[in-house]
Amino acid sequence: MFVAEIIFTITEKNDKGKNQFESFVQDFFANLLRNGQILGNEIFWWEKNKLKAVVKIPRPDSLENRYFTKWSKNDWKIIKENFAEKALISILNKENLNCEFPILEREKYLYFFTNAFDDSSPVCAGKSGMAIPLYELPLNQRQKQRLWAWQCSYIEYDKVWLGVDSLEIPMYKQLATHKSELAIEGIKLCRMLENKTGLPTYYYLMRYWGRQKGEKDRLCPSCGNKWRIKKKPRAKGIEKFDFKCNGCRLISHIAANLEGDINASIGEYQN
Ligand SMILES: [Zn+2]
């Protein structure tokens, strides 16, 4: 993840023009966010006739026009023609600029993985586990927005699971069972992406509470088959998971909490 600073030097001198410009910039950022070109919330402020913004971006070239949607192209045109003489973009954290990023065409698998503290794309490269930005996926804008909306829901469920005691179990069921509303939509999105890319795309099921005995032998919650895989030392990407069902396209971990069998049945195969 990179942090970019964007400096717009505007031609408008009065506050009305500045307010209008700010609202265009907010629309522009909202479109970039839904396309995966920026991540999380932007920060912006005025310094005389300059509007400065700081945004998180997934790749150093994420803000290039070639990734813009037709809406951001339109916003950008309006900004350039009516308000800003120029816009300067610079990357603030340069240490990882030469890092190798996954290339979709070279991957064999993809998987969905996200959590409350992660605002990068939920689509991960099978080999490295690195996120693949939404704008690089062969999906139309409506499909990308659906994926983005699913990720927002996942993050909210995860936050509530972590923070609200009274909702701990219903939220956990959403995250850990393959028949929850959240998982059904996520699995549909995996199928959609798999159809478009031709790459098997796996859905991650969280597992927190497990069994003191037999946790390693737990079966695929969907088909009931064995799905344990042996991890290699220093495994990464899809190989770092303990469970993987190729038929159902599901992956999971051994539970983090093995102290008692309480709640262990959530997410297990039911005969
Ligand atoms: Zn299965």
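Among contacts in the protein between residues at least 6 apart in sequence, what percentage join residues at least 24 apart? The figure is 66%, where two residues are in contact if their C-beta atoms, placed from the backbone, lie within 7 Å.

Before going further, a word on the source. This is a predicted model, in which local features need pLDDT of at least 70 and side-chain atom pairs count only at pLDDT 80 or more, while totals for chains, interfaces and linings use all residues. Residues are numbered from 1 along each chain as its sequence is written.

**The overall picture**

The protein has five helices and nine strands. These are DSSP runs numbered from the N terminus, with helices (H or I) of at least four residues and strands (E) of at least two. The C-alpha trace spans about 70 × 45 × 35 Å along its principal axes. Of the 271 residues, 31% count as buried, which asks for 20 or more other C-beta atoms within 10 Å of a residue's own, with C-beta atoms placed from the backbone.

**A sheet of four strands**

Let's look at an open sheet with the order β2-β3-β1-β4 and antiparallel pairing. Two strands count as paired if DSSP finds at least two bridges between them. Here are the pairs:

| Strand pair | Bridges | Sense |
|---|---|---|
| β1 (residues 2-10) and β3 (residues 50-57) | eight bridges | antiparallel |
| β1 and β4 (residues 84-91) | seven bridges | antiparallel |
| β2 and β3 | six bridges | antiparallel |

β2 (39-47) and β4 stand at the edges with a single partner strand each, so one side of each has no neighbour in the sheet. On average, neighbouring strands of this sheet are turned by 20 degrees against each other, direction ignored; the axes behind such angles are lines fitted to C-alpha atoms, for helices over the stretch in contact, and angles run from 0 to 180 degrees between N-to-C directions.

F8 sits opposite L51 in β3, and A4 sits opposite I91 in β4. I43 has V54 in β3 as its bridge partner, while E47 is opposite K50 in β3. The hairpin of β2 and β3 has two residues between the strands, and there K48 takes a positive phi near 55 degrees.

Now for helix α3 (residues 141-163) and helix α4 (residues 168-176). Their axes come within 8 Å and cross at roughly 145 degrees. On the α3 side the residues are Y157, D158, V160 and W161, and they meet E168, M171, Y172, Q174 and L175 in α4. The buried residues of α4 are M171, Y172, Q174, L175 and A176, and they pack against α3, α5 and β7.

**The cores**

A nonpolar core is a set of buried Ala, Val, Leu, Ile, Met, Phe, Trp, Tyr and Cys residues joined through C-beta atoms within 7 Å. The largest one has 37 residues, and those with the most contacts inside it are Y111, Y202, Y203 and I251. Its largest share, five residues, comes from α5. Leaving out residues up to four places away in sequence, I251 touches Y111, Y202, Y204, I238, F241, F243 and K244. A second, separate core has 18 residues, including F2, L32, L51 and A53.

Technical notes
A residue is buried if 20 or more other C-beta atoms lie within 10 Å of its own, exposed if 12 or fewer, and partly exposed in between; C-beta atoms are placed from the backbone.
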